[in-house]
Amino acid sequence: MCPPESALQPPQFLLLVGIPVASTLLLVQCLRWHCPRWLLGPCQKPDSHEEPVPPSTPPLEFEVPGQCAPATLPEMAAFYQELHTPTQGQTVIRQLMHKLLVFSAREVDHRGGCLLLQDTGISLLIPPGAVAVGRQERVSLILVWDLSDAPSLSRAQGLVSPVVACGPHGASFLKPCTLTFKHCAQQPGHARTYSSNTPLLDAKAWQPLGRPGAHTSLDECRIQLSHFSLYTCVLEAPVGQAARKWLQLAVFCSPLAPGQTHLQLRVYFLNNTPCALRWAMTNEQPHGGRLRGPCQLFDFTGARGDQCLKLKYISEGWENVDDSSCQLVPHLHIWHGKCPFRSFCFRRKAANENEDCSALANEIIVTMHTFQDGLETKYMEILRFQASEEESWAAPPPVSQPPPCNRLPPELFEQLRMLLEPNSITGNDWRRLASHLGLCGMKIRFLSCQRSPAAAILELFEEQNGSLQELHCLMTSMERLDCASVIQSYLNTTPHSSPAVAHSRVWENQGLQLDEKL
């Protein structure tokens with residue numbers, strides 16, 4: 001019998017079934033070759049024998065974290081509003097939008113004004129006439145402690161200054177304003193200022209601002225601003241010349257309390273600028289760490305290896321807990337100004353039955369050597385640390401907020417520095433001024449190791465809220481009539497720009513203020 005007409009023949013069955021199956025296989029194959037990464041994961045070609053890519057390693061110790069979620073418009077508006085709200089002459093340290101910032105803000109009119117960030121060496125001068133008569137402008141000066149805002153540097157470039165922002169971004173005035181901040185380049189002619197014409201929350205676009213050395217003096221950057229933006233300073237040595245910068249080595253530890261079994265010591269490798277030391281002090285506050293003694297200068301070169309910190313001596317009654325007595329700091333972490341530190345942890349030894357270590361362990365004395373790898377026999381700094389059980393450490397005295405200080409005019413400051421800097425046979429130079437300010441011989445010897453002792457003394461006078469009239473009287477009493485004449489000439493030409501009221505003070509108490517500054 002013949003099969004019914006509705007029955008499928010084998011060729012027809014193959015066509016109906018085979019074509020869809022073949023089409024499905026081709027579609028799957030195409031997806032495997034061209035699928036997007038978010039749909040099927042990392043795509044691999046067929047018959048590929050490559051190993052899967054391992055997950056990314058955690059970021060390095062001082063690697064800048066990834067970008068946070070973009071801020072909303074209300075968050076950005078609140079951020080800039082807080083930065084530009086007048087701070088009544090105070091310096092504010094606050095974390096805003098994941099950025100640690102130090103800032104001050106005020107209103108200025110046609111008489112001009114000056115903003116100063118306390119203990120950072122950063123100032124912004126708005127000259128008289130920069131604002132039209134009858135108008136008031138809000139201005140702000142911001143020190144940025146967020147490493148992600150610094151320029152992306154090559155191995156040959158070194159960061160030698162902080163990142164400073166003037167706000168509001170893009171603001172312009174009738175006369176140029178003067179921004180001043182410190183740098184730590186050994187050769188000012190190798191230091192080049194950079195500017196990023198972007199708001200603080202936007203991605204930065206750093207561009208060189210003039211030729212190297214155009215805006216730098218011995219240890220200071222001074223930029224005439226036509227409009228407000230972000231600024232910093234980068235070390236760029238010419239080809240064939242060694243690039244060098246000054247570091248300050250700061251040792252911190254918490255108090256040594258009676259019965260305490262462990263003590264951690266931290267050594268910071270910082271740019272030799274006031275704001276870098278201020279950052280380390282701020283970083284130590286949550287841990288109760290305090291600066292132990294004055295910082296030591298270190299000559300750091302960009303053409304050498306990593307920095308070594310080697311433990312050489314521990315007093316009896318203590319032992320090193322760490323596995324190694326030598327620690328390394330990567331060269332670029334210091335060269336790019338990331339403020340790294342290394343630490344050692346010490347433990348009191350358990351006393352034997354026939355030995356009493358309690359008397360020996362009441363204090364700890366540590367000696368460390370630090371040098372760049374390969375230069376141990378040529379250049380090395382010795383760090384000595386000593387701490388004892390002091391009850392006064394348990395409750396540090398409260399720190400009062402100092403009043404805003406008077407800033408000497410930049411041109412007058414430079415003239416007085418040049419007159420006081422050369423050492424006189426009779427000692428009637430910056431050292432005599434230091435004695436009049438109440439400094440003892442040990443502190444004067446310490447300041448003599450600075451690159452510009454006269455500048456340091458004049459800055460101390462500024463922080464003591466000294467007026468030009470008082471400085472003129474001091475120079476007259478010192479019989480430095482050349483300095484007194486320079487001050488008098490400035491007072492005669494611009495009588496309204498100098499402080500009108502002489503602030504009374506007790507000079508004998510200024511030694512304590514210097515201790516806090518050091």
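The questions below concern a predicted model and take up a helix pair, the cavities and an aromatic pair.

Me: How are helix H7 and helix H12 oriented towards each other: roughly parallel or roughly antiparallel?
Reply: The axes of H7 (residues 410-420) and H12 (residues 481-493) come within 10 Å and cross at roughly 170 degrees. Angles over 145 degrees count as roughly antiparallel. Therefore the orientation of H7 to H12 is roughly antiparallel.

Me: Which class of residue has eight members in the contact of H7 with H12?
Reply: On the H7 side, the contact involves Glu411, Leu412, Gln415, Leu416, Leu419 and Leu420. These meet Asp482, Cys483, Val486, Ile487 and Tyr490 in H12. By class, one residue of this contact is polar, two are charged and eight are nonpolar.

Me: Which element gives the most to the lining of the largest cavity?
Reply: The structure holds three cavities of 30 Å³ or more, and about 90 Å³ of space lies in the largest. Its lining has 14 residues, with Tyr80, Cys166, Gly167, His169 and Leu200 nearest the centre. Helix H3 (73-83) and strand E7 (163-167) each supply at least two residues of the lining. The element that gives the most, with three residues, is E7.

Me: How many charged residues are in the lining of the largest cavity?
Reply: The lining of the largest cavity is divided by class into nonpolar, polar and charged residues. Nine of its residues are nonpolar and five are polar. The number of charged residues is therefore none, as Asp, Glu, Lys and Arg are the residues that count as charged and the lining of the largest cavity has no charged residues.

Me: How many charged residues line the second largest cavity?
Reply: About 60 Å³ of space lies in the second largest cavity. The residues lining this cavity are Glu220, Arg222, Arg407, Leu408, Pro410, Phe413 and Glu459. Strand E11 (220-227) and H7 are the elements that give two or more residues to this lining. By class, three of the lining residues are nonpolar and no residue is polar, while the number of charged residues is four.

Me: How many residues apart in sequence are the parts tied together by the pair of phenylalanine 252 and tyrosine 268?
Reply: The structure holds eight aromatic pairs. One of them, formed by phenylalanine 252 and tyrosine 268, is edge-to-face, with 5.3 Å centre to centre and 75 degrees between the planes. Phenylalanine 252 lies in strand E13 (residues 244-253) and tyrosine 268 in strand E14 (residues 262-271), so the separation in sequence of the parts tied together is 16 residues.

Definitions and conventions: Residues numbered from 1 in each chain as written. Predicted model: local features only at pLDDT ≥ 70, side-chain atom pairs only at ≥ 80, totals over all residues. Heavy atoms only, no water. Axes fitted to C-alpha atoms, helices over the stretch in contact; angles between N-to-C directions. Helix = DSSP H or I, 4+ residues; strand = E, 2+ residues; numbered from the N terminus. Parallel < 35°, antiparallel > 145°, perpendicular 65-115°, else oblique. Contact = heavy atoms within 4.5 Å. 1 Å grid on protein atoms, 1.4 Å probe; cavity = no way out; pocket = protein on both sides within 12 Å on 5 of 7 lines; lining within 4 Å. Points joined across faces, edges and corners; volume = space filled by probe spheres on them. Phe/Tyr/Trp six-rings, centres within 6.5 Å; stacked < 30°, edge-to-face > 60°.
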